[in-house]
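Thanks, everyone. Let's get started. Please have the structure open while I talk.

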Amino acid sequence: MKITRITAIPLSYRLPEGKTVKMGIGATTKRDTIIVRVDTDEGATGYGEAHPGRSPGAVASLIGKTLDPLLAGMDPCNVVGVWGRVNRMQLSSHGLGAGAALAISGIDMALWDIRGKVANMPLYRLLGGSRKRMPAYAGGISLGFQPPESLVEEAREYVAAGYRAVKLRLGDNARDDILRVQAVREGLGPDVEILTDANTNYRISDARRVIPALAEARVGWLEEPFSSLDFGSYRAAAAISPLVPIAAGENHYTRWDFARLLEDKAVTIFQPDLSKTGGITEGLRIAAMASAFGIPVHPHSSATGINHAATIHFLASIDNGGYYEACVSKLNPLRDMFGRTFQVGTDGCVEPLDRPGIGLDIDEKIFAEFPAIDGPGYVVTF
Ligand SMILES: [Mg+2]
């Protein structure tokens, strides 16, 4: 079997005026994604998802104009070989760093979809996992900056829907962040897990103020207090309290970024995103490395059902998997355009789809409803 064509399809959804969610990286104005379709000479077709970065047009162009000709004719089941060729000819020799990692992520995911269809196995089985139930937390673009009262009310909605863990957005300012966490702990009681995410918007002085309060509120982790390469601040934050693990990974790319995190010993929860860090092939490598150091993997996931479904398969197949980040965003029709890809039960858990490959029916007609809008999806408005 041979790869005949790789097509990148950027899609967008503009949020209605006044419906933005504010968090540490700005306020959302639109949602973007890139669907990657890989066609083969034997009729099998796979779909993957590449994260758009803040420039969906650029990543789509890299996939369609540079990586498509590079990979034409290769065996789509040879995921290690495809990854290696992109690494040699693009990632390691001509850089583009994150952009190339986003691009290979979507291609690799589509190749795994093909492998599953050819083997007639759902992805979790192909990867050696089982159809088990796995805990989910209420995440995605939700629980943003707002008064404590309405934040508690929003968090209660998710608990009523079955979730036993919720993730709050921090990175506003230390005082308001602390008040919000305290209000949610008080409002939800002791049995709900509270997780927090500063979306890279802290300085170490903020972390020094906030982390003791997070320890007091028994918060499960503090995610991305700083930008991904600010290793010194991560080390300093990890030393503040052993009770608040530092999490990161959605902005770390490939096994080499994660190897550096392992060397530093500051980040003790890994959150690779399969649509960013290099796809399923690279996600498995990162998870295996982390497993040897006792580090759990709680993957970041976003945008469409393709990445969500692939992430649940991945979690069902690694021995150090943690929470699935369920997207509870109020306005993300991209998540639902292929139907429902996950369902949280009263036990707060999800399980993988049970059809060959990633397990979705993709009807491309729906793409016409989400024409691409190039440019960034967040603006800083505060
Ligand atoms: Mg995050």
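Start at one residue pair. Threonine 196 stands opposite leucine 222, and that leucine belongs to β9. Keep in mind that this is a predicted model.

Now widen the view. Strand β9 covers residues 222-223, and two bridges join it to β8 in a parallel run. How does the chain get from β8 to β9? Through helix α7, residues 204-216, in a β-α-β crossover that is right-handed.

Next, the other partner of β8. Strand β7, residues 165-169, pairs with β8 over five bridges, again in the parallel sense. Here arginine 169 stands opposite aspartate 197 of β8.

Step back to the whole chain. The domain assignment gives domain 1 as 3-120 and domain 2 as 124-364. Their centres, taken over C-alpha atoms, are 22 Å apart. Contacts involve 37 residues of domain 1 and 37 residues of domain 2.

Which elements supply the domain 1 side? At least two residues each come from β1 (3-14), β2 (22-23), β4 (30-40), β5 (45-50), α2 (79-94) and α3 (97-119). Helix α3 gives the largest share, 15 residues. By class, that side of domain 1 has 18 nonpolar, 11 polar and eight charged residues.

That's my tour. Over to you.

Note on methods:
Residues numbered from 1 in each chain as written. Predicted model: local features only at pLDDT ≥ 70, side-chain atom pairs only at ≥ 80, totals over all residues. Domains from an automatic or database assignment. Contact = placed C-beta atoms within 7 Å. Helix = DSSP H or I, 4+ residues; strand = E, 2+ residues; numbered from the N terminus. Nonpolar A, V, L, I, M, F, W, Y, C, P; charged D, E, K, R; others polar. Pairing = 2+ DSSP bridges. Right-handed = clockwise from strand over helix to strand, strands pointing away.
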